[in-house]
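I wanted to see who pairs with whom, and where the partners sit.

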Amino acid sequence: MEAVELPNLADISEEELSRARVYRLLARLLGAPADEGLLVFLRKLNGDDSPLGQGLAALSDVAARVSVEEAAQEYHDLFIGVTRGELLPFASHYLTGFLNEKPLAELRDAMNTLGIARSEAASEPEDHIASLCEIMHGLIMGEFGKPVSLADQFQFFQNHVENWSIKFFQDLEAAKSARFFMSIGLIGRLFMEIEGEAFKIAA
């Protein structure tokens with residue numbers, strides 16, 4: 001997604017920055033195979049005693065034991081495959097059983113309303129889980145040209161993310177090809193559950 005203006009970080013709370021960082025991390029992990037720089041970053045992660053913190057610690061541990069080549073092969077097996085990967089990380093697929101269906105059209109309408117332009121470098125439909133995590137990051141950080149209220153964040157999350165992403169992350173946790181990505185599935189599932197609860201409390 002294309003950002004048009006960088007926000008003043010002083011105007012964003014530490015809690016919001018933390019949310020944004022998790023969305024950005026998930027977007028990077030799910031958008032392309034990990035390179036050495038990403039693995040080095042993951043190996044330095046520390047987690048607290050919370051379930052999400054333990055998930056981050058588990059991801060750090062597995063990142064210390066996986067090579068770039070192994071991570072790339074796992075990404076290929078999960079999301080690309082010979083004809084298709086083990087999982088199809090698209091909202092349309094999870095909500096309708098088919099790609100490029102009504103959920104994608106509804107997402108594009110919502111993006112247009114929020115002033116979010118599709119990146120010219122993007123090769124996947126916008127309802128890919130990585131793209132949606134990137135959009136949520138941008139909404140929190142105010143990167144799409146105007147501040148976005150919590151209410152508008154919640155509406156976007158509820159309409160385009162929450163209604164399928166938890167099932168996707170559950171499937172990722174249980175995928176037979178997942179070793180490195182098992183912890184990513186756990187982190188994604190827990191984070192989306194936390195987001196859903198927090199939005200409902202704030203509403």
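Predicted model: local features only at pLDDT ≥ 70, side-chain atom pairs only at ≥ 80, totals over all residues.

How many salt bridges does the structure hold? I got 15.

Back to R24, which forms a salt bridge with E134, and the closest N and O atoms are 2.9 Å apart. I checked where the two sit: R24 is in helix α1 (residues 14-31) and E134 is in helix α7 (residues 129-141). They are 110 residues apart, so this pair links distant parts of the chain.

Next I looked up R108, which pairs with E126 in a salt bridge, with 3.0 Å between the closest N and O atoms. This one also links distant parts of the chain: R108 belongs to helix α6 (residues 102-114), while E126 lies in the loop between α6 and α7, 18 residues apart.

Is E126 buried or exposed? E126 is buried, because its relative accessible area of 5% falls under the 20% cut-off. R108 has 40% relative accessibility and counts as partly exposed.

Then I turned to K167, which forms a salt bridge with D171, the closest N and O atoms being 2.7 Å apart. Both are in helix α9 (residues 162-174), four residues apart, or about one turn of the helix. K167 is partly exposed at 42% relative accessibility, and D171 is partly exposed too, at 22%.

Terms used
Residues numbered from 1 in each chain as written. Heavy atoms only, no water. Salt bridge = Lys/Arg side-chain N within 4 Å of Asp/Glu carboxyl O. Buried < 20%, exposed > 50% of the residue type's maximum accessible area, 1.4 Å probe, protein only.
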